[in-house]
Amino acid sequence: MPNLSMNTIAIVAKTALDRQERNMELELLTPYELKTMDDDQIMAHTIKIKSMYNNQAVSPYQLTENQEIIAYLMQIFLYMASKCESEYALKKLECELEESKTLKDLRQQWNESKDGKAPAIDYFKALAADRVKELKQNVLAKKIMANNFKAAAESYKERIAAIKYKIQAIAIEGGKNG
């Protein structure tokens, strides 16, 4: 057995404890668990996980830990993209229904209050579209949010690939120096 100093043993023990604490902190949630959380809770969880990223990582182990964190964040971003897509589809349908109802109501109001021929349907469509403009903006915001989460996930996928190459480079350099 190698002769280790007390200082070396203390460093190894502290590193092992740090790793154990980190693994307990990296609370991986399934999509089912994420589904029960609201957006603010998911954001807080994401910030907590992101804070565990080691910007000073140099060893293959530290880089692999970062890779795990990024992969988990990517999973959260893809979940959120899916959630936003789902909300977008529902809001889009609500908007279309509201616009149709408004169109029908406007046309009916015209027929009840005015004599003579009603204007072309495009006139009423324009009025109805104007009345649901804010609702349409909210629908578009959901679509944009979904695209932003997808872009973030894609970016993290590229970061994972970069970390893999860095680990390979370290292994190659270690083989040449060892």
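Predicted model: local features only at pLDDT ≥ 70, side-chain atom pairs only at ≥ 80, totals over all residues.
Q: Which elements give two or more residues to the lining of the largest pocket?
A: The lining of the largest pocket includes Asp39, Ile42, Phe77, Met80, Met145 and Phe149. The elements that supply two or more of the lining residues are helix H3 (39-50), helix H4 (60-113) and helix H6 (133-177).

Q: How many residues of the lining of the largest pocket are charged?
A: The space in this pocket is about 190 Å³. Asp39 and Lys142 are among the residues that line it, and Asp and Lys both count as charged. The lining divides into eight nonpolar residues, one polar residue and, as charged residues, two.

Q: Is the aromatic pair of Phe77 and Phe149 stacked, edge-to-face or tilted?
A: The model holds five aromatic pairs. In the pair of Phe77 and Phe149, the ring centres are 6.0 Å apart and the planes are at 40°. Planes under 30 degrees apart would count as stacked and those over 60 as edge-to-face, so the remaining class applies. The pair of Phe77 and Phe149 is therefore tilted.

Q: How many residues apart are Phe77 and Phe149, the pair that links distant parts of the chain?
A: Phe77 belongs to helix H4, whereas Phe149 belongs to helix H6. Both residues also line the largest pocket.

Q: Which residues form one aromatic cluster?
A: Phe77 and Phe149 form a tilted pair. Tyr156 also belongs to their cluster. The members of this aromatic cluster are Phe77, Phe149 and Tyr156.

Q: Which residue has its charged end over the ring of Tyr53?
A: Lys143 lies over the face of Tyr88, 5.1 Å from the ring centre. Over the ring of Tyr53, at 5.2 Å from its centre, sits the charged end of Arg159.

Q: Is Val132 buried or exposed?
A: Val132 is located in the loop between helix H5 (121-131) and H6. Its relative accessibility is 3%, and the cut-off for buried is under 20%. Val132 therefore counts as buried.

Q: What is the C-alpha to C-alpha distance between Val132 and Glu99?
A: Leaving aside residues up to four places away in sequence, Val132 touches Cys95, Glu98, Glu99 and Thr102. Val132 and Glu99 are 33 residues apart in sequence. In space, their C-alpha to C-alpha distance is 6.3 Å.

Terms used
Residues numbered from 1 in each chain as written. Heavy atoms only, no water. 1 Å grid on protein atoms, 1.4 Å probe; cavity = no way out; pocket = protein on both sides within 12 Å on 5 of 7 lines; lining within 4 Å. Points joined across faces, edges and corners; volume = space filled by probe spheres on them. Helix = DSSP H or I, 4+ residues; strand = E, 2+ residues; numbered from the N terminus. Phe/Tyr/Trp six-rings, centres within 6.5 Å; stacked < 30°, edge-to-face > 60°. Lys NZ or Arg CZ within 6 Å of the ring centre and 35° of its normal. Buried < 20%, exposed > 50% of the residue type's maximum accessible area, 1.4 Å probe, protein only. Contact = heavy atoms within 4.5 Å.
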